[in-house]
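Subject: Handover of a structure and its findings

Dear colleague,

Please find the structure below, together with its sequence.

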Amino acid sequence: MKHLKLLFGLCLAVIISAFTLNNTSGPGLDIGDSAPDFNLKDVNGNMVSMASYENAKGFIVIFTCNTCPYSIAYEDRIIALDKKYKGKGYPVIAVNPNDPAAQPGDSFALMQERAKEKGFTFPYLLDVGQEVYPKYGATRTPHVFLLNKEAGDLKVKYIGAIDNNSKDASKVTEKFTENAVDALLAGKTVEKTSTRAIGCSIKVVK
């Protein structure tokens with residue numbers, strides 16, 4: 001009986017660890033905060049910062065990677081987000097927060113291969129030194145931070161998941177990120193500002 005209870009407890013811990021509550025507590029950004037810019041190298045060898053997007057109205061910043069099954073499941077949807085909203089002023093910027101020393105499959109060279117294989121339409125950046133993701137408070141891959149330009153600042157308007165089905169795009173019934181961007185484009189207030197991000201933990205060298 002004790003073994004069964006222990007096993008149940010371990011299983012419950014694993015399930016809970018796959019989720020992270022929204023960023024309304026703990027380190028990182030909260031809704032309404034000003035997001036810091038960054039200057040990171042993309043898979044084409046170019047340095048990318050949000051300041052270089054003069055005509056952007058905001059950004060869909062997504063912390064993602066090569067190796068997480070959840071990130072892989074969302075790749076086509078991330079491409080679709082960029083195609084839908086880049087021309088409307090909200091381009092996707094993808095940042096790989098994993099340390100390649102801890103997760104070799106997330107090396108810069110393999111990021112280049114994956115971006116070419118999938119035909120990424122957005123910048124795919126490596127968080128060298130893992131300095132950016134802690135400032136944002138990203139804890140999972142994928143993890144979305146929707147930013148809106150307001151009086152020279154990048155204000156956080158939504159934090160969380162892309163939608164409500166990480167396994168099957170055909171079964172999505174609520175598109176959290178799209179709904180939030182659509183609200184901003186319509187000049188409305190984002191109704192659902194945070195959701196639970198589901199994905200893999202960010203890999204660091206221990």
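This is a predicted model: local features need pLDDT of at least 70, side-chain atom pairs count only at pLDDT 80 or more; totals for chains, interfaces and linings use all residues.

Strand 8 (residues 143-150) and strand 9 run antiparallel and are joined by 7 bridges. Helices (H or I, at least four residues) and strands (E, at least two) are DSSP runs, numbered from the N terminus. Two strands are said to pair if DSSP finds at least two bridges between them.

Residues are numbered from 1 along each chain as its sequence is written, and side-chain values use heavy atoms, with hydrogens and water left out.

The sheet and the chain

The protein chain contains 5 helices and 11 strands. Of its 206 residues, 46% are buried; buried means under 20% relative accessible area, exposed over 50%, and partly exposed in between (1.4 Å probe, protein chains only).

Five of the strands form an open sheet: the 5 strands have the order 6-5-4-8-9, with mixed pairing. Strand 6 (124-126) and strand 9 (153-160) stand at the edges with a single partner strand each, so one side of each has no neighbour in the sheet. On average, neighbouring strands of this sheet are turned by 25° against each other, direction ignored. Axes here are lines fitted to C-alpha atoms, for helices over the stretch in contact, and angles run from 0 to 180 degrees between N-to-C directions.

Helix 5

Helix 5 packs on the sheet, where it touches strand 4, strand 8 and strand 9, and its direction makes about 5° with that of strand 8. Contact means heavy atoms within 4.5 Å. Is this helix mostly covered or mostly open? Helix 5 is mostly covered, as 7 of its 10 residues are buried. They are Phe176, Thr177, Glu178, Ala180, Val181, Ala183 and Leu184. Their cover includes helix 2 (69-85) as well as strand 4, strand 8 and strand 9. Just after helix 5, Gly187 takes a positive phi of about 75°.

Two loop residues

Ser166 lies in the loop between strand 9 and helix 5. With a relative accessible area of 12%, Ser166 is buried. Leaving aside residues up to four places away in sequence, Ser166 touches Tyr70, Ala73, Tyr74, Arg77 and Ile198. Ala51, in the loop between strand 3 (47-48) and strand 4 (58-63), counts as exposed at 56% relative accessibility.

Pocket and cavity

On a 1 Å grid over the protein atoms alone, a cavity is a set of points where a 1.4 Å probe fits but cannot get out, and a pocket is an open set with protein on both sides within 12 Å along at least five of seven lines; lining residues have an atom within 4 Å of a point. Grid points are joined across faces, edges and corners, and a volume is the space filled by probe spheres set on the points.

The largest pocket holds about 180 Å³ of space. Helix 5 (residues 176-185) gives the most to its lining, with 4 residues. Among the other lining residues are Tyr158, Glu174 and Lys188. The largest cavity has a volume of about 40 Å³, and its lining includes Thr64, Cys65 and Tyr124.

Yours sincerely
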